[in-house]
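Subject: Model handover and notes

Dear colleague,

Please find the model below, followed by my notes on it. Could you read the two side by side?

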Amino acid sequence: LKGQAALLARPFGKGRIVYVGAWLDLALMGRLIAWLVEASGIALPMPQLPAGVELCRRMGEGREVWFLINHTRQPQWCRLPRPMREELGGTALAGQLVLEPRAVMLLTPTA
């Protein structure tokens, strides 16, 4: 890709389109995502998670679903940014939760 643009940003409507044509390591990808979120003006209430815990957030048709995954062999404490409902057990959650080793939780916001 020598001589080609690695990143292009163009105005489009009320926003912009950003094209990334590069292989990025995780650190650089994180910095790029942080820049894109900041430049967009979007406020994402995403929790700070311990190492080894993954959050996959899906939105569509007016609904939001979170998959919280503990990839470690130890229980992990996770702080939630707002009240949630654990869909598999029907439990209401707020504040902190313990995610058991190798566990997955399916969460939906309640407020």
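In this predicted model, the side chains of Thr72 and Asn70 are joined by a polar contact of 2.6 Å. A polar contact here is a pair of N or O atoms within 3.5 Å; within protein, one must be able to donate a hydrogen and the other to accept it, and residues adjacent in sequence count only if both atoms are side-chain atoms. The side chain of Thr72 also makes a polar contact, at 3.1 Å, with the side chain of Gln76. Thr72 sits in the loop between β4 (63-70) and β5 (76-79); helices (H or I, at least four residues) and strands (E, at least two) are DSSP runs, numbered from the N terminus. With a relative accessible area of 14%, Thr72 is buried. Buried means under 20% relative accessible area, exposed over 50%, and partly exposed in between (1.4 Å probe, protein chains only). Once neighbours within four places in sequence are set aside, Thr72 is in contact with Ala51, Gly52, Pro101 and Arg102, contact meaning heavy atoms within 4.5 Å.

On conventions: residues are numbered from 1 along each chain as its sequence is written, and side-chain values use heavy atoms, with hydrogens and water left out. As the model is predicted, local features need pLDDT of at least 70 and side-chain atom pairs count only at pLDDT 80 or more, while totals for chains, interfaces and linings use all residues.

Backbone

Arg102, one of the contacts of Thr72, has a positive phi of about 60 degrees although it is not a glycine. Arg102 belongs to the loop between β8 (96-99) and β9 (104-109). Glu61 is likewise not a glycine, and its phi is positive, at about 55 degrees. The loop between β3 (53-60) and β4 holds Glu61, which counts as exposed at 86% relative accessibility.

Salt bridges

The count comes to 3 salt bridges, where a salt bridge is a side-chain nitrogen of Lys or Arg within 4 Å of a carboxyl oxygen of Asp or Glu. One of them joins the side chains of Glu64 and Arg57 (2.7 Å, N to O). Glu64 counts as buried, at 16% relative accessibility. Another salt bridge runs between Arg82 and Glu64, with the closest N and O atoms 2.8 Å apart. Which parts does this pair tie together? Arg82 lies in the loop between β5 and β6 (84-86) and Glu64 in strand β4, so the pair links parts that are 18 residues apart in sequence. Arg82 is also buried, at 17% relative accessibility.

Arg85 forms a salt bridge with Glu87, and the closest N and O atoms are 3.5 Å apart in that pair. Arg85 is partly exposed at 37% relative accessibility, and Glu87 is partly exposed at 28%. Salt bridges with shared partners join Arg57, Glu64 and Arg82 into one network.

Cysteines

The disulfide count is 0, a disulfide being a pair of cysteine sulfur atoms within 2.5 Å. Cys56 is in no disulfide, and the nearest cysteine sulfur, that of Cys78, is 13 Å away. Cys56 is buried, with a relative accessible area of 16%, and Cys78 is buried at 1%.

Leu93

Leu93 is part of strand β7 (residues 91-93). Its relative accessible area is 17%, and it is therefore buried. Apart from neighbours within four places in sequence, Leu93 is in contact with Leu80, Pro83, Met84, Glu86 and Leu107. Leu93 and Leu80 are 13 residues apart in sequence, and their C-alpha atoms are 8.3 Å apart in space.

Surface

Leu7, Val20 and Trp35 make a nonpolar surface patch of about 240 Å². Patches are made of residues with over 30% relative accessible area and no salt bridge: like charges are joined within 9 Å, and nonpolar side chains (Val, Leu, Ile, Met, Phe, Trp, Tyr) within 5 Å. Accessible areas come from the Shrake-Rupley method with a 1.4 Å probe, and for residues only the protein chains shown count as cover. Trp35 is placed in helix α1 (residues 26-40) and is partly exposed, with a relative accessible area of 37%.

Regards
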